[in-house]
Each structure stands twice: as C-alpha cells, then as structure tokens.
Amino acid sequence: MPPLKFCANLSWLFTDLPEFTQRIYAAASAGFQAVEAAWLYDSDLQELQRVKNATGVDVVLINTPLGDAKAGDLGLGAVPGREEDFRKGLDLAMQYAKALDCRSIHLMAGRVPVGADRATIAVEMEDTFVQNLKHAADVLSNEGITGLIEPINTRITDPRYFLDSPHQAAAILQKVGHPNIKLQMDVFHWQIMDSNLTQNIHKYFPLIGHIQIAQVPSRNEPDSAGEINFPYLFSLLEEMGYQGYIGCEYKPLGGIHPKWLTILDQGPSQK
C-alpha cells in the first residue's frame with residue numbers, strides 16, 4: 001500500500017509569515033510537497049504561480065470566496081437569493097485553480113441567514129445548494145476539476161453553518177448526482193458532530209474526495225492530547241486505499257512537530 005500523503009494548510013500553518021508566497025516556501029522547506037489554502041484571493045496570482053513553480057509544490061485545494069465577509073458571509077452555495085454571487089465567486093475560484101493547476105475546489109455552503117429559523121429554511125437552502133452544485137459540476141467538469149462540499153460542525157466552530165454532518169452532505173450529493181462533486185472529510189468536524197468515525201468512513205468512503213485533520217477538541221496537531229486515535233485512523237485509511245491528500249488544518253502548538261516530518265518522509269505504514 002502506498003503511504004498516505006499530507007499537505008500543509010497555509011491558512012493555519014506558517015501564519016507568522018504574512019504572505020502566502022512566503023508560506024509556500026516555508027512549507028517546501030518543512031518537507032511538504034503540496035499545500036492547500038482557504039482563500040488566496042488577496043494574493044497576486046502571477047506571484048503565486050511563480051513561487052509554486054520555483055518550489056515545485058502542488059496546490060491541491062482552494063475554497064470558493066467567502067462572499068461579503070463584513071456582512072458575515074461564509075460561502076454562498078446554499079444561501080437563497082445569492083445565486084449570482086455564488087457563480088461569480090466560482091468563476092474567480094476557477095481562475096485561480098486553473099492558473100495554479102489546482103484540481104479541487106471546496107464549494108462553501110454558507111450560513112443560515114441571520115434571523116432565519118434553520119428548520120423553516122432548511123428545504124429552501126438545500127434546494128439552492130443542489131442547484132448551485134449542479135451548475136458547478138458542469139463548469140468544473142469541463143476543466144477536470146473536482147468540487148467538494150465540507151460539513152462544518154455547528155456545536156463549536158459555527159452554529160449557523162448550513163452543512164454540518166456527513167449524513168446531510170451525502171443526501172445532498174445523491175440529489176446532485178454528479179461524480180465530480182465529492183465529500184470533503186474534516187475529521188475535526190466529523191468527530192464533534194457524530195463521533196462514529198470508523199463506521200462513517202466505511203459508509204461514506206466512496207464519496208470522499210479530500211481529507212483534513214486536527215485533534216479534538218483543541219484543533220492542534222494530531223499527535224497532541226485529545227479524543228482521536230490518529231495512528232489507528234491513518235492505518236484505517238491506508239487499509240481502505242485512500243490515495244488523495246490529507247490536509248494539515250490545525251493550530252500548531254510549536255511549529256511543525258518533528259514527528260510530522262517523520263510522517264512526511266516515511267508515511268504511517270513505515271513508522
């Protein structure tokens with residue numbers, strides 16, 4: 001079995017460096033062969049291209065734009081009445097993804113509107129999300145790019161986020177019915193919302209297009225104290241033949257932990 005592959009999330013790691021271009025160099029120096037980031041849109045695209053080419057680091061995932069961050073937007077995919085804004089954001093994400101040869105885009109669902117009742121508006125938001133995802137599937141498939149949807153926990157991280165469980169995401173993916181729209185599994189969020197990681201991974205493995213990791217509840221390195229047994233989890237993913245990248249989306253307690261350099265060099269199966 002090939003070893004698991006890890007990528008640095010530049011929105012969480014190397015944040016002492018103000019520019020994403022600097023963080024790409026730092027990730028390469030730390031041994032990462034790939035990176036991901038939430039929002040690169042304040043960075044000069046040509047400079048990102050130059051640094052990517054200079055380091056040889058792959059960019060494997062970016063997010064669609066937030067929307068109006070000052071107004072509280074956190075993505076627009078499921079927000080009724082914002083369909084045109086979602087499509088404009090998708091076009092911008094496509095521009096960056098194509099320039100950086102990034103093959104995956106996280107299509108952010110967004111938040112339940114302020115003042116709205118989640119249960120009352122849920123059907124309308126799901127219908128909006130499904131239609132936007134069908135549009136995205138057509139656009140992305142023309143470029144060979146995979147769209148991803150990620151459940152974000154509503155218990156700790158964001159109480160208003162619309163998509164909050166793998167079960168909800170799987171039901172939406174079934175309605176979308178496009179093979180290039182897949183599930184982004186963030187272990188941190190799945191553990192907080194459902195805890196049943198082994199069974200959920202087995203159940204939804206065919207849908208998973210990307211994985212992210214952090215310890216619960218601290219959201220620090222996977223080898224920090226917490227609820228999740230990561231050596232077991234990594235072995236399970238290897239046994240199941242997961243071949244995509246695993247994003248290191250955590251708050252480092254003290255830089256890149258030496259154990260993580262070992263994992264990058266050798267892979268969990270060889271420790």
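Buried, in these legends, means under 20% relative accessible area. Every view below comes from a predicted model.

**View 1. Serine 104, a buried residue in a strand.**
Serine 104 belongs to strand β4, which covers residues 104-106. Its relative accessible area is 11%, so serine 104 counts as buried. Look around serine 104 and, beyond its neighbours within four places in sequence, you will find Val60, Leu61, Ile62, Ile145, Thr146 and Leu148 in contact with it.

**View 2. Helices α1 and α2 side by side.**
Two packed helices are described by the angle between their axes and the distance between the axes. Here the axes of α1 (residues 20-29) and α2 come within 9 Å and cross at roughly 10°. Angles under 35 degrees count as roughly parallel, and α1 and α2 are therefore roughly parallel to each other. From α1, the contact uses Phe20, Thr21, Ile24, Tyr25 and Ala28, while α2 brings Glu47, Leu48, Arg50, Val51, Ala54 and Thr55. Sorted by class, the contact of α1 with α2 holds seven nonpolar, two polar and two charged residues.

**View 3. Helix α2 meets helix α3.**
How do α2 and α3 cross, right-handed or left-handed? The crossing of α2 and α3 is right-handed. Their axes come within 10 Å, at an angle of roughly 30°, and α2 and α3 are therefore roughly parallel to each other. On the α2 side you can pick out Leu45, Leu48, Gln49 and Lys52, and on the α3 side Gln95, Tyr96, Ala99 and Leu100. The contact of α2 with α3 is made of five nonpolar residues, two polar and one charged.

**View 4. Helices α4 and α5 at an angle.**
Helix α4 (residues 118-141) packs on helix α5 (residues 166-176) with an angle of about 55° and with the axes 9 Å apart. These two helices are therefore oblique to each other. The crossing of α4 and α5 is right-handed. To see where they meet, find Glu126, Phe129, Val130, Leu133 and Lys134 in α4, then Ile172, Lys175 and Val176 in α5. The contact of α4 with α5 has five nonpolar and three charged residues, but no polar ones.

**View 5. Tryptophan 39 and its neighbours.**
Tryptophan 39 sits in the loop between β2 (34-36) and α2 (45-55). With a relative accessible area of 31%, tryptophan 39 is partly exposed. Which residues does tryptophan 39 touch, not counting those up to four places away in sequence? They are Ser11, Phe20, Asn63, Thr64, Pro65, Leu66, Leu74 and Met108. A polar atom of the tryptophan 39 side chain lies 2.9 Å from the backbone oxygen of threonine 64.

**View 6. The loop between β7 and α8.**
Most residues other than glycine have a negative phi, and most peptide bonds are trans. Keep that in mind for this view. Valine 216 and proline 217 are joined by a cis peptide bond, with omega about 5°. Proline 217 lies in the loop between β7 and α8, and arginine 219 is also placed in the loop between β7 and α8. Arginine 219 is not a glycine, yet its phi is positive, about 60°. Its relative accessibility is 9%, so arginine 219 counts as buried. Serine 224 is found in the loop between β7 (208-213) and α8 as well. Serine 224 counts as buried at 13% relative accessibility, and it touches Gln215, Ser218 and Leu253, leaving out residues up to four places away in sequence.

**View 7. Helix α8 from end to end.**
Asparagine 229 caps the N-terminal end of α8, with a side-chain oxygen 3.2 Å from the backbone nitrogen of tyrosine 232. Within α8 (residues 230-239), the buried residues are Phe230, Leu233, Phe234, Leu236, Leu237 and Glu238. After α8 comes glycine 241, with a positive phi near 80°.

**View 8. Serine 195, another positive phi.**
Find serine 195 in the loop between α6 (187-193) and α7 (197-204). Although serine 195 is not a glycine, its phi is positive, about 70°. Serine 195 is partly exposed, with a relative accessible area of 44%.

Definitions and conventions. Residues numbered from 1 in each chain as written. Heavy atoms only, no water. Axes fitted to C-alpha atoms, helices over the stretch in contact; angles between N-to-C directions. Helix = DSSP H or I, 4+ residues; strand = E, 2+ residues; numbered from the N terminus. Parallel < 35°, antiparallel > 145°, perpendicular 65-115°, else oblique. Left-handed = near helix turned anticlockwise from the far one by under 90°. Contact = heavy atoms within 4.5 Å. Nonpolar A, V, L, I, M, F, W, Y, C, P; charged D, E, K, R; others polar. Buried < 20%, exposed > 50% of the residue type's maximum accessible area, 1.4 Å probe, protein only. Polar contact = N/O pair within 3.5 Å; in protein donor to acceptor, adjacent residues only side chain to side chain.
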